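This report describes one protein model through its helices, ring contacts and single residues.

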Amino acid sequence: MDSDALNTFLVVHRRGGISHAAKALHRSQPAISRRIALLEQELGVPLFERIAGKTRLSDAGRVMVPYAERAVAAAQDAENAVRALLRDNSGPVALAVTGTLAGERLSNVLKRFAHRHPDVALTLRTATSAEVSDLIRRGEATIGLRYDRDRSRDLDCEVLFAEPLGVVCAPDHPLAGRRVGKLADLRDERWIAFPEVPGRREITASHVFALFLTHGLGEVDWTPVDSLTAQKRLVEAGLGIALLSQSNAAEELGSCRIATIRVGDLAASHEVVAVTRHGGFLSAASRRLLDVLRADFTKTRGTNTSRRNGVRRA
């Protein structure tokens with residue numbers, strides 16, 4: 001059983017079939033089928049089943065996935081470690097980031113890093129927090145930035161800072177710039193939040209609902225919107241209120257396109273976490289990028305705590 005066979009197995013699984021895997025790997029369908037057949041013969045069990053014309057993992061295949069992912073990632077580590085001997089501060093570094101963290105601040109960090117380390121081939125992917133962890137676990141990304149810790153033993157999580165959350169509204173909202181005593185005072189408002197998609201959970205989607213449940217307030221009226229930019233545009237238009245971090249709302253607050261509602265009993269925040277694979281290889285360039293992210297993002301520990309509700313008043 002070699003890493004190429006395991007990688008072929010994983011690509012067939014992720015792409016949903018032999019033909020799609022063949023295109024992704026730039027190989028013929030018979031070659032992919034033969035590779036899977038040899039792997040199944042070696043293991044003595046089928047890894048895939050055909051159900052309603054679709055290729056699905058068998059029970060053995062489902063068991064196989066996490067082990068195959070770790071093996072393929074370890075093989076990539078070995079190659080990277082050897083290549084790193086020849087180039088101390090160059091080569092590829094793959095960063096995976098939760099979409100709502102990929103803002104101006106991160107752009108400035110990456111711009112400075114690229115200027116200081118021009119020989120590093122830096123790539124960036126955006127995903128949900130859960131998907132960021134998956135990319136790191138599979139070795140498809142070197143460093144991840146996501147919300148809240150991942151409890152998987154395959155990953156190392158380092159909290160960079162806890163970013164407070166605040167309620168934002170349209171500038172002409174009756175409560176714009178004002179303070180309410182408790183979250184219950186906003187129970188009848190329409191909220192705008194990320195949708196909760198089964199199997200692709202985004203951490204920030206749960207904050208609004210969890211807050212109301214922990215305050216014993218039950219369900220709220222809400223509009224699911226899967227784009228942060230669209231959420232802010234709807235808030236600007238007066239079509240609802242939202243729970244956003246200071247960094248996500250900074251531009252609109254600065255131009256007075258949205259305003260804040262201060263809430264007396266609201267103490268909500270989410271942790272921004274750097275994720276790497278436990279025991280995985282980090283090149284010198286990857287370690288330098290991680291140091292830059294630590295240095296820049298931890299600066300907010302002091303500045304965030306000085307702003308109530310995490311969003312300044314418009």
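## Basis and overall make-up

The model is predicted, with local features requiring pLDDT of at least 70 and side-chain atom pairs pLDDT 80 or more, while totals for chains, interfaces and linings use all residues. Residues are numbered from 1 along each chain as its sequence is written, and side-chain values use heavy atoms, leaving out hydrogens and water.

The protein chain has 11 helices and 12 strands; these are DSSP runs numbered from the N terminus, helices being H or I of at least four residues and strands E of at least two. Of its 314 residues, 45% are buried, where buried means under 20% relative accessible area, exposed over 50% and partly exposed in between, with a 1.4 Å probe and protein chains only. Contact means heavy atoms within 4.5 Å. Among contacts between residues at least 6 apart in sequence, 76% join residues at least 24 apart.

## Packing around helix α1

The axis of α1 comes within 10 Å of that of helix α3 (residues 29-43), and the two cross at roughly 115°. Axes are lines fitted to C-alpha atoms, for helices over the stretch in contact, and angles run from 0 to 180 degrees between N-to-C directions. α1 and α3 are therefore roughly perpendicular; the classes are roughly parallel under 35 degrees, roughly antiparallel over 145, roughly perpendicular from 65 to 115, and oblique for the rest. The crossing of α1 and α3 is left-handed, a term used if the near helix is turned anticlockwise from the far one by less than a right angle, with right-handed used if clockwise. On the α1 side the contact involves Asp4, Ala5, Thr8, Phe9 and Val12, which meet Ile32, Arg35, Ile36 and Leu39 of α3.

With helix α2 (residues 18-25), the α1 axis comes within 8 Å and crosses at roughly 120°. This pair is therefore oblique, and its crossing is right-handed. Asn7, Thr8, Val11, Val12 and Arg15 of α1 make the contact with Ile18, His20, Ala21, Ala24 and Leu25 of α2.

## Helices α5 and α10

Helix α5 (residues 104-116) packs against helix α10 (residues 284-297) at about 140°, with the axes 11 Å apart. The two are therefore oblique to each other, and α5 passes α10 in a right-handed crossing. Residues of α5 in this contact include Leu106, Val109 and Phe113, and those of α10 include Leu289, Val292 and Phe297.

## Rings

There is 1 aromatic pair, counted when ring centres of Phe, Tyr or Trp (its six-membered ring) lie within 6.5 Å; planes under 30 degrees apart are stacked, over 60 edge-to-face and the rest tilted. The rings of phenylalanine 9 and phenylalanine 48 have centres 5.4 Å apart and planes at 50°, so the pair is tilted. Phenylalanine 9 belongs to α1 (residues 3-15) and phenylalanine 48 to strand β1 (residues 48-51), so the pair ties together parts 39 residues apart in sequence. Both phenylalanines are buried.

Elsewhere, the charged end of arginine 70 sits over the ring of tyrosine 67, 4.9 Å from its centre; this requires NZ of Lys or CZ of Arg within 6 Å of the ring centre and within 35 degrees of the ring normal.

Alanine 121 lies in strand β4 (residues 120-127) and is partly exposed, at 43% relative accessible area. Its C-alpha atom is 4.4 Å from that of proline 92, 29 residues away along the chain.

In helix α6 (residues 129-137), the buried residues are Ser129, Val132, Ser133, Leu135, Ile136 and Arg137. Just after α6, glycine 139 has a positive phi of about 80°.
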